[in-house]
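User: I'm new to this one and would like to talk through what the labels on it actually rest on. Could you take me through it?

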Amino acid sequence: MALGNDAAVQTMRRRTRVLQVDASKIGHFVFDDHQQSFLGNWKIQLFEDSPDAANVLEAASQLRDSDLPVAFPTETVYGLGADATRSSAVRGIYNAKQRPLDNPLIIHVSSLSQLRNLLIPSNPTAPSLNSPQDTVPEIYHPLISRFWPGPLTILIPLPIPSPLAPEVTTSLPTVAVRMPSSPLALALIQLAGVPLAAPSANASSRPSPTTAAHVLHDLSGSIDLILDGGPCTVGVESTVVDGLTSPPVILRPGGVSIGMLRDCPGWEDVRVAYNDGAESGVPRAPGMKYKHYSPNAKVLLFHGQWDATLVKGRPTGGSIGVLRTKTWNVGHLRMNLQSSKDTGISEPNGHPYLRNRNSHQTRESLAGRTEIEDIRQQSSLSSGSSAQLYQVYLGDEPEQIMTDLWTIGLGPDTADIARGLFSALRELDQKGVDIICVEGINDNEGDAAAAVMNRLRKAAEAEINL
């Protein structure tokens with residue numbers, strides 16, 4: 001269950017500030033022992049008189065000294081961070097997101113030393129990764145060496161007593177941990193001096209945020225501070241793995257694929273242990289139990305071509321969103337369109353037409369290849385609105401319905417699809433569409449394909465195979 005209304009009312013009274021940060025203007029990373037790696041000991045030497053450094057210091061101070069969570073970018077999505085060792089701080093995350101209390105959190109660390117201090121709080125020195133005294137389970141050593149810092153989360157047994165707030169792990173005997181590769185995130189954690197519990201910085205169940213604007217849209221008034229470090233580079237959350245079982249398993253697909261994991265010693269037989277739908281019972285990791293990533297619009301996930309006659313339950317006159325990936329272009333939508341007599345648009349050779357209201361063209365053919373097939377290349381979500389608006393006519397006269405159709409093309413590259421997925425869902429939602437039809441991809445097409453399809457299946461109300 002979510003937190004009570006009193007806590008929600010308190011968080012809604014805040015004024016949310018957005019502070020711009022260019023990671024390259026924060027300072028120099030200084031590594032010990034010439035390792036030049038975040039896996040070893042390191043510190044950050046801040047630039048003097050740098051507004052960017054001052055903004056990160058302010059956020060770090062808030063995380064260390066108050067119970068107010070801070071939103072910040074990682075390479076995957078924006079996170080909502082709080083000191084993972086204090087219950088009052090962690091509860092601030094649940095309050096702001098209205099997150100169910102039985103949904104565990106991932107903690108983010110800036111070094112292996114910080115992680116080991118959590119596992120053995122009384123140990124003043126950190127052994128090397130391959131030392132026999134190392135308390136990080138050996139099964140994870142090859143993964144840490146290859147993927148950290150990066151989009152990989154591992155499940156670690158909790159020490160007894162645990163230095164972490166119980167709200168982080170709920171009733172689980174393990175904690176999910178990762179080291180982000182974002183320089184801004186690493187600097188923030190290091191300067192705060194505490195591990196950060198940090199789920200995605202969105203309202204619970206909404207599409208994850210990949211820009212500061214997404215965070216502000218969901219959490220304005222619920223949090224005090226957002227660090228704006230620009231758009232995230234990966235776009236989907238981290239892969240979560242459990243190496244404490246035999247064979248090891250993937251609990252959530254993400255930025256590290258099953259093929260990449262199987263290249264690591266001890267992980268050759270890693271299995272899939274997640275369900276693309278919501279799961280019952282106590283979740284073993286974040287993102288497993290509840291429906292996630294959902295816009296307000298009804299999402300229909302398609303495999304193969306799309307036919308508008310399959311779009312059921314749309315209110316008369318409502319609008320449609322279409323999210324294209326590998327193969328769909330406007331010509332491939334193959335809708336049963338009829339032109340209206342009062343538009344002046346004709347239908348030579350029986351081919352249906354639609355009108356692009358974003359251009360000076362009066363009509364475009366859906367039958368053959370035309371210039372509208374190039375629209376799929378105009379999908380840069382980082383350079384403003386990418387949605388193309390068309391006015392279409394569904395059904396047969398006199399029962400014909402005029403409908404707005406918004407379409408976004410993410411292009412054929414799996415990494416681009418992953419990077420732009422949440423942003424596209426949010427953009428179509430903001431256009432006020434009633435239904436979003438999404439072209440699915442093959443789960444094995446590229447390193448992030450399984451993560452893309454997992455997020456879409458959790459967001460979708462129906463999956464349609466044609």
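This is a predicted model: local features need pLDDT of at least 70, side-chain atom pairs count only at pLDDT 80 or more; totals for chains, interfaces and linings use all residues.

User: Why is H7 called largely enclosed?

Analyst: Seven of its ten residues are buried, so the rest of the structure largely encloses H7. The buried ones are Leu184, Ala185, Leu186, Ala187, Leu188, Ile189 and Ala192.

User: Let's turn to the strands. What is the order of the eleven strands in the open sheet?

Analyst: The order is S1-S10-S4-S5-S9-S6-S8-S7-S11-S12-S13, and the pairing is mixed.

User: What makes S1 and S13 the edges?

Analyst: Strand S1 (17-20) and strand S13 (271-272) each have a single partner strand, so one side of each is left without a neighbour in the sheet.

User: How do you know that S7 and S11 count as a pair?

Analyst: Pairing takes at least two bridges. Strand S7 (residues 152-157) and strand S11 (residues 239-242) have three bridges, in the parallel sense, so they pass the cut-off. Ile154 stands opposite Val241 in S11.

User: How many bridges join S4 to S5, and how do the two run?

Analyst: Four bridges join S4 to S5, and the two run antiparallel. Pro73 has Tyr78 in S5 as its bridge partner. The link between S4 and S5 is a hairpin through four residues.

User: What about S5 and S9: how many bridges join them?

Analyst: Two bridges, again with an antiparallel run. Since a pair needs at least two, S5 and S9 qualify with two. Ala82 has Ala197 in S9 as its bridge partner.

User: Why is S5 called largely enclosed?

Analyst: Six of the six residues of S5 are buried, so the rest of the structure largely encloses it.

User: Which elements does helix H8 lie across?

Analyst: H8 (residues 212-219) lies across S1, strand S4 (70-73), strand S5 (78-83) and strand S10 (225-228). It runs at about 165° to S10.

User: Why is Ser200 called buried?

Analyst: Buried means under 20% relative accessible area. Ser200 has 15%, so it is buried. It is found in the loop between strand S9 (196-197) and H8. Not counting residues up to four places away in sequence, Ser200 touches Val77, Tyr78, Gly79, Leu80, Lys97, Ser208 and Pro209.

User: What makes the link between Ser200 and Asn202 a polar contact?

Analyst: The N or O atoms of such a pair must lie within 3.5 Å, and one must be able to donate a hydrogen that the other can accept. The side chains of Ser200 and Asn202 are joined at 2.5 Å.

User: And Pro100: buried or exposed?

Analyst: Pro100 counts as buried, at 12% relative accessibility, because the cut-off is under 20%. Its place is in the loop between helix H3 (87-97) and strand S6 (106-108). Pro100 and Ser205 are 105 residues apart along the chain, while their C-alpha atoms are separated by 10.0 Å.

User: Finally, what does the whole chain look like in numbers?

Analyst: The chain has eleven helices and 21 strands, and 57% of its 466 residues count as buried. Among contacts between residues at least 6 apart in sequence, 68% join residues at least 24 apart. The chain exposes about 19,100 Å², with carbon and sulfur atoms supplying 49% of it.

Methods. Residues are numbered from 1 along each chain as its sequence is written. Side-chain values use heavy atoms; hydrogens and water are left out. Buried means under 20% relative accessible area, exposed over 50%, partly exposed in between (1.4 Å probe, protein chains only). Contact means heavy atoms within 4.5 Å. Accessible areas come from the Shrake-Rupley method with a 1.4 Å probe; for residues, only the protein chains shown count as cover. Axes are lines fitted to C-alpha atoms, for helices over the stretch in contact, and angles run from 0 to 180 degrees between N-to-C directions.
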